[in-house]
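Visitor: I would like to learn how to read a protein structure. Please take me through one.

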Amino acid sequence: MNKIICLKGDGIGPEIMDSSIKVLRSISKDFNFEYELLFEDFGGVSIDKHGEPFTNDLKEKLNNADAVLLACIGSSKYDSAPVRPEQGLLELRKYLNLYANIRPLKVSDSLLSLSPLKPEIVKGSDLVIVRELSSGIYFGEPRFYSDEEAYDTMRYNKKEITRIVDYAFKIASKRNKKVTSVDKANVLASSKLFRKISIDVSKNYPDVTLEHRYVDAMAMELITKPSSFDVIVTSNLFGDILSDEASVLGGSLGLLASSSFSETGISLYEPAHGSAPDIAGLNIANPIAMISSMSMMLRYSFDQDNLSNLIDDCIDRVLNEGYYTKDLDNENYLSTTDWTNKLIEKIQEVKHEYII
Ligand code: IPM
Ligand code: MN
């Protein structure tokens, strides 16, 4: 039986997780996809109940699981608390050795009007951000905080850079055959190594083009010529920043899904957005990034390509028909549950095209 650990987390987490599970339950039987869901505490809710964001009990359960579906974590309530929900997320990524974070972004023509950029600029944008997730300044030692001084360490070794860049080249070789490696090699030593190794790795992929960008220039080009990129590979922090920037090309951070992979273990699927505490419980959150993350799980952890295609296509169709959540259209919008129900209706309507 496919065992899926579901972590609703904080803020809008429970609402969007419920949406994605409702979608899964509505269609899994038609594809003979059998699974077991285990709902566990993680993040702020776990701190409140168990005193820590990522418990040993959850660690043990992960050892017998096949995939992890996470909604989102975080709340300003923990801003000056000794332990924050985000710490749990970093520990979880570390615990599962998740080094490759994949954040794909595709702007379909019918959604051009939702973008804050001019339609002629975003038209045709179809890119994947490959973010290194297990190292860099997020984990580097030493790190220190006092009220007088504080520091972090941006550290990368050859093995870590090689495997993430290689991952990016593998994806690019199945796509448009271009990798843009993003660094700050004019200033940072860790970036200088990142650039050198990306050139070394590129020699194994003669049909894929490698180009380099400094992260500051990249931040600009992502909004001036987003359609010129295919696969973007970068370090943990730069990838975090650039993926939020890229997400709004499509109109909202609420659309960007992500998956995180290790070399051999189980994978984690989570939206790229945070827990949006300001709108929690209002039934107005956008569930699309969460549902798309669930769809990635079906594809990459369970080989359910047809089911995943059905869900992805129906998300597009419902958006194309003009049904939006509040983040996409502040005036004319559906609630989280109504949008989810529209999607489920659409899936039922067209499922026969995908069941073989
Ligand atoms: C993300 C988030 C996390 C990160 C936070 C919540 C720790 O912003 O997944 O992009 O910085 O990686
Ligand atoms: Mn982020």
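This is a predicted model: local features need pLDDT of at least 70, side-chain atom pairs count only at pLDDT 80 or more; totals for chains, interfaces and linings use all residues.

Guide: The centres of domain 1 and domain 2 lie 23 Å apart, taken over C-alpha atoms. Domain 1 covers 1–98 + 265–356, and domain 2 covers 100–261. Such bounds come from an automatic or database domain assignment.

Visitor: How many residues does each domain bring to the contact?

Guide: Domain 1 gives 25 residues and domain 2 gives 25 residues. Contact means heavy atoms within 4.5 Å.

Visitor: What area do domain 1 and domain 2 bury between them?

Guide: The size of an interface is often given as the accessible area lost when the parts come together. Here it is about 2,200 Å², with 61% on carbon and sulfur atoms. That buried area uses a 1.4 Å probe and is summed over both parts.

Visitor: Now the sheet. What is the order of its strands?

Guide: Strands of a sheet pair through backbone hydrogen bonds, either parallel or antiparallel. This open sheet has ten strands, in the order E2-E1-E3-E12-E11-E4-E5-E10-E8-E9, and its pairing is mixed. Strands are DSSP runs (E, at least two residues), as helices are (H or I, at least four), numbered from the N terminus. Two strands pair if DSSP finds at least two bridges between them.

Visitor: Which strands pair with E10, and how?

Guide: E5 joins E10 by four bridges, running parallel. E8 also pairs with E10 in the parallel sense, over four bridges. Val 130 has Val 233 of E10 as its bridge partner.

Visitor: Which way do the side chains of E10 point?

Guide: In a regular strand the side chains alternate between the two faces of the sheet. Val 231 and Val 233 point one way, Ile 232 and Thr 234 the other. All are buried, meaning under 20% relative accessible area (1.4 Å probe, protein chains only).

Visitor: Which residues have the most contacts inside the largest nonpolar core?

Guide: A nonpolar core is a set of buried Ala, Val, Leu, Ile, Met, Phe, Trp, Tyr and Cys residues joined through side-chain atoms within 4.5 Å. The largest has 68 residues; Leu 69, Val 130, Met 294, Met 297, Ile 311, Trp 339 and Leu 343 have the most contacts inside it. Domain 1 and domain 2 each supply at least three residues to this core. Apart from it lies another core, of 19 residues, including Phe 238.

Visitor: What conventions apply?

Guide: Residues count from 1 along each chain as written, chains are lettered from A and ligands numbered from 1 in written order. Local features need pLDDT of at least 70, side-chain atom pairs count only at pLDDT 80 or more, totals for chains, interfaces and linings use all residues, and side-chain values use heavy atoms, leaving out hydrogens and water.

Notes:
Buried means under 20% relative accessible area, exposed over 50%, partly exposed in between (1.4 Å probe, protein chains only). Buried area is the accessible area (1.4 Å probe) that two parts lose on being put together, summed over both.
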